[in-house]
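The sequence and structure are shown first.

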Amino acid sequence: MAAWSPAATASLLRGIRGLPLLHCARRMFASQTEGELKVTQILKEKFPQATAIKVTDISGGCGAMYEIQIESEEFKEKRTVQQHQMVNQALKEEIKGMHGLRIFTSVPKH
């Protein structure tokens, strides 16, 4: 059996993207970040007919990258690229400070 060493243990305790597992667990169970709340509020204002909006900070909580899922009647009869352009336009100021953005749009199924 190998001897215990702090360096070896530290590498085992690393999570996704090199973040400590404890940080990942804390983020997983935490409420929304300020950035998530801000983006959600903007989308609610820009898409008042939205039936579902979910914003997730996928950068580990630093606000550099978000995943957005939004379902709205406003996307009806629009191509996916047009739907994504609408979301990008709604968030044009916030996007300036982001590294990346994943967008998933849909129309409510009745």
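## Overall fold

From the N terminus on, the elements of the protein chain follow the order α-α-α-β-β-α-α-β. In total, the chain has five helices and three strands. The model under discussion is predicted.

Contacts between residues at least 6 apart in sequence were examined for their separation along the protein chain; 52% of them join residues at least 24 apart.

## Burial and surface

The protein chain comprises 110 residues, and buried residues make up 29% of them. Its accessible surface comes to about 7700 Å², with 58% of that area belonging to carbon and sulfur atoms.

## Salt bridges

Two salt bridges are present in the structure. In one of them, E67 pairs with R102, and the closest N and O atoms are 3.0 Å apart. This pair links distant parts of the chain: E67 lies in strand β2 (residues 65-72) and R102 in strand β3 (residues 100-106), 35 residues apart. E67 counts as buried because its relative accessible area is 15%, under the 20% cut-off. R102, by contrast, has a relative accessible area of 40% and is therefore partly exposed.

E93 forms a salt bridge with K96, in which the closest N and O atoms are 3.2 Å apart. The relative accessibility of E93 is 47%, so this residue is classed as partly exposed. K96 has a relative accessible area of 63% and is therefore exposed, the cut-off for that class being over 50%.

Methods:
Residues are numbered from 1 along each chain as its sequence is written. This is a predicted model: local features need pLDDT of at least 70, side-chain atom pairs count only at pLDDT 80 or more; totals for chains, interfaces and linings use all residues. Side-chain values use heavy atoms; hydrogens and water are left out. Helices (H or I, at least four residues) and strands (E, at least two) are DSSP runs, numbered from the N terminus. Buried means under 20% relative accessible area, exposed over 50%, partly exposed in between (1.4 Å probe, protein chains only). Contact means heavy atoms within 4.5 Å. Accessible areas come from the Shrake-Rupley method with a 1.4 Å probe; for residues, only the protein chains shown count as cover. A salt bridge is a side-chain nitrogen of Lys or Arg within 4 Å of a carboxyl oxygen of Asp or Glu.
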